[in-house]
Amino acid sequence: MSSTTARVAMPPARGLIPLPGSTRGLLIQVALLVAVIGLGWWFWSNAQANMAARGLQFGYGFLDRSAGIPIGESPIAYSPADTYRRALTVGLLNTLRVAIVGIALCTVLGILLGLARLSSNPLLRGLVGGYIEVIRNTPLVLQLVFWHAVLLQLPSVRQALNPLPGVFLSQRGVKIPALLAEPALYAFLAAALAGAIGWWLLLRRERARQVATGERRPTVLPGLAMLLGFPALSLAAGFVPTVEWPELAGFNFEGGLSLSPEFFALLIGLVVYTSAFIAEIVRAGIQSVHKGQWEAARALGLPPGRIMRLVILPQALRVIIPPLTSQYLNLTKNSSLAVVIGYPDLVSVANTSINQTGQAIEVISIFMAVYLLISLVTSALMNWYNSRVALLKER
Amino acid sequence: MSATTAPAGPAFTERATAFLRACFAGPVNSAITLACLAVLYFAVPPFWAWAVTNATWNGNAETCRAAGGACWAFVREKFWFSIFGLYPYEERWRPATMIVILVAMVVASTIRRFWGRWLLLGWAVAAPAMWLLMQGGVFGLSFVQTRQWGGLTITGIIAVYGLALGYPLAILLALGRRSELPLLRWFCTAVIECVRGVPLISLLFMAAIMLPLFMPEGVTIDRLIRVLVAYTLFTAAYMAEVVRGGLQAMPRGQYEAADAIGLGYWKKMRLVILPQALTVTIPAQVNTFIGLFKDTTLVVVIGVFDFFTTLRAALGDPNWLGFPTEAYLFAAGVYFVLCFAMSRYSQNLERTLRPESR
């Protein structure tokens with residue numbers, strides 16, 4: 001056989017797996033292929049037999065059937081009469097909602113905690129260090145259940161806590177004032193966006209000028225003026241967004257934006273848990289910059305803020321970005337723990353769908369594909385950002 | 001505090017002065033210190049009063065409610081239940097023995113002097129022995145279904161068996177991912193990335209719901225085995241990435257030297273590359289294991305009663321309603337002690353394994 005000829009042709013000490021192109025390597029790969037296809041075929045035929053025995057057929061046709069799943073909260077219009085497709089979409093949107101808000105909040109909190117961990121104040125350093133260790137070394141499921149229990153111990157709607165005007169905390173969750181989606185709001189947001197873009201253009205022009213002439217001009221004040229001035233102008237022009245305040249009416253609140261205790265517990269749990277990990281990443285990143293860099297920057301006479309921004313951060317970011325990416329992905333994946341406290345995320349809705357339809361393979365394939373897609377998109381975005389940060393270092 | 005109470009008097013006072021000086025260096029630091037003290041002032045005394053001063057250590061739910069503080073009597077009452085779950089009462093010596101063996105093996109594994117062939121052999125003997133002890137049906141032991149296993153016992157079983165089964169698989173996956181055979185490399189990469197890209201609970205759902213569908217009719221797989229399949233796969237994928245890091249960190253010269261003395265692939269890996277690659281990544285492996293250990297709590301989603309879920313179930317006891325905070329704090333304390341010990345151990349290893357980097 002070909003394997004024996006290959007053995008003769010090769011030097012004696014070639015080992016079990018030789019170089020590619022050789023017959024042995026080819027054989028191993030063919031065996032792997034056969035094993036994978038064979039196992040897949042075996043699984044598939046078993047699955048078909050099992051499904052047939054339960055009166056089911058493989059296919060995604062059930063997606064167009066009415067789901068009959070009551071979902072407590074949904075960013076889009078939904079009723080139990082809607083299809084499974086729509087129910088799963090609602091689940092996905094709920095996952096994305098908690099993931100996006102969570103990522104934004106945990107980044108801010110994580111950076112603050114990481115900086116506090118590096119503070120020159122030993123008391124603050126110690127307290128934050130202890131807090132981070134406790135959070136990092138207890139399971140997230142436990143923390144989620146804990147936050148949920150805490151939120152359910154809040155007073156009833158009629159005795160709702162009112163820490164800030166328009167903000168109500170009760171067993172039914174959190175109520176905050178809402179901005180009505182109408183032309184005035186869009187005009188206001190467009191003006192704010194224009195201000196931000198104006199600041200960015202100004203920064204670009206001034207940086208080019210500094211490179212060309214060495215002259216530095218202030219950018220913060222004119223930038224802020226644009227960022228705040230444009231929306232102010234739009235307000236003055238009569239585009240005043242309507243704020244809807246929550247009000248107690250009967251046994252529940254009316255108006256305003258409502259966050260359920262489940263959403264809130266999940267958000268707090270994810271943010272607290274992930275920010276503790278991000279804090280350690282930020283701390284390690286900043287500490288990874290050599291002491292000499294600080295000293296050199298100080299010797300150049302740079303003020304502390306600019307040392308951080310121009311010298312330390314660009315180098316620290318190279319260390320920070322890759323583990324930060326995996327924390328973002330962890331947060332998104334961990335949001336699937338919503339099922340433990342009853343927040344209707346993708347996995348939770350999918351689980352109910354499986355119980356109702358029995359189409360386990362199809363539903364699981366859908367949500368696994370969705371999570372893989374989210375993971376790939378997030379990694380791609382962060383890799384793109386990482387390559388920009390890395391390039392900055394090259395220059 | 002007087003200097004006589006501290007063992008190293010002058011050093012202690014010096015450190016205390018340095019601490020205070022650092023706390024009040026400049027107006028900003030003083031403000032931060034005062035803010036921290038304020039937080040402590042508002043948080044610690046009420047917590048102390050609840051957890052210690054007004055707490056009930058002996059008694060029942062009535063005495064707990066009357067005292068108004070923490071009801072540690074509840075935790076005491078449910079302690080053994082949280083360790084053994086629903087395992088038959090008169091057979092509890094079996095999970096107890098299993099835990100003793102497990103702890104002994106884990107402690108032996110943390111001592112560097114024991115690292116080697118005999119330790120591996122010990123695990124290879126202990127792992128099936130522990131399972132047999134729990135399951136029974138041999139040597140006159142009565143048969144106990146895995147459905148009746150529970151509590152801290154099952155948390156330990158999932159974590160340890162997941163690691164024991166997942167670790168060899170992780171090494172194979174990591175080697176496969178760095179193989180020169182394209183199909184093998186793609187296959188291993190796909191497995192690793194797909195498992196790491198989805199949440200563990202979706203793997204658990206898959207094992208719980210899809211695995212039975214994939215088996216021929218009439219074949220049923222024990223639920224705990226299904227959990228272990230999912231958890232092993234998860235452990236393998238995450239550990240594989242750690243091992244791959246170690247393989248990549250090996251200098252090329254090591255590979256070339258092994259080739260030059262004529263070692264084949266497996267001998268090269270077993271004798272030269274893996275011993276070094278695995279040793280340098282041990283701290284990272286311990287850290288990954290801490291994460292995996294915390295993730296054992298996720299089995300709650302498919303109804304396996306691990307330590308935390310068993311405690312939560314105890315909350316439903318009609319004689320002891322209304323003490324969730326105590327149960328959660330106790331659970332958090334147990335996980336914290338275990339995970340913190342592991343992370344300290346990993347930091348310690350990091351220092352001792354690489355003395356040249358210090």
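Where does UniProt place the feature "domain: ABC transmembrane type-1" in chain B? The unreviewed entry puts it at residues 148-346 of chain B. UniProt positions follow the numbering used here, feature names are shortened, and annotations may be inferred rather than shown by experiment.

This is a predicted model: local features need pLDDT of at least 70, side-chain atom pairs count only at pLDDT 80 or more, and totals for chains, interfaces and linings use all residues. Residues are numbered from 1 along each chain as its sequence is written, while chains are lettered from A and ligands numbered from 1 in the order in which they are written.

**Chain B domain**
- Residues 148-346 of chain B are 77% helix and 0% strand. Helices (H or I, at least four residues) and strands (E, at least two) are DSSP runs, numbered from the N terminus.
- The end C-alpha atoms of this stretch lie 34 Å apart.

**Chain A sheet**
- In chain A, four strands make an open sheet, ordered 1-2-3-8, with antiparallel pairing. Two strands pair if DSSP finds at least two bridges between them.
- Strand 1 (161-164) and strand 8 (257-259) of chain A are the edge strands, each pairing on one side only.
- Strand 3 (residues 173-176) of chain A pairs with strand 8 of chain A over three bridges, in the antiparallel sense.
- A:Val174 sits opposite A:Leu259, in strand 8 of chain A.

**Chain A helix 6**
- Helix 6 (residues 183-213) of chain A contains A:Gly198.
- A:Gly198 is partly exposed because 17 other C-beta atoms lie within 10 Å. The cut-offs are 20 or more for buried and 12 or fewer for exposed, with partly exposed in between; C-beta atoms are placed from the backbone.
- A:Gly198 and A:Leu224 are 26 residues apart in sequence and 9.8 Å apart in space, C-alpha to C-alpha.
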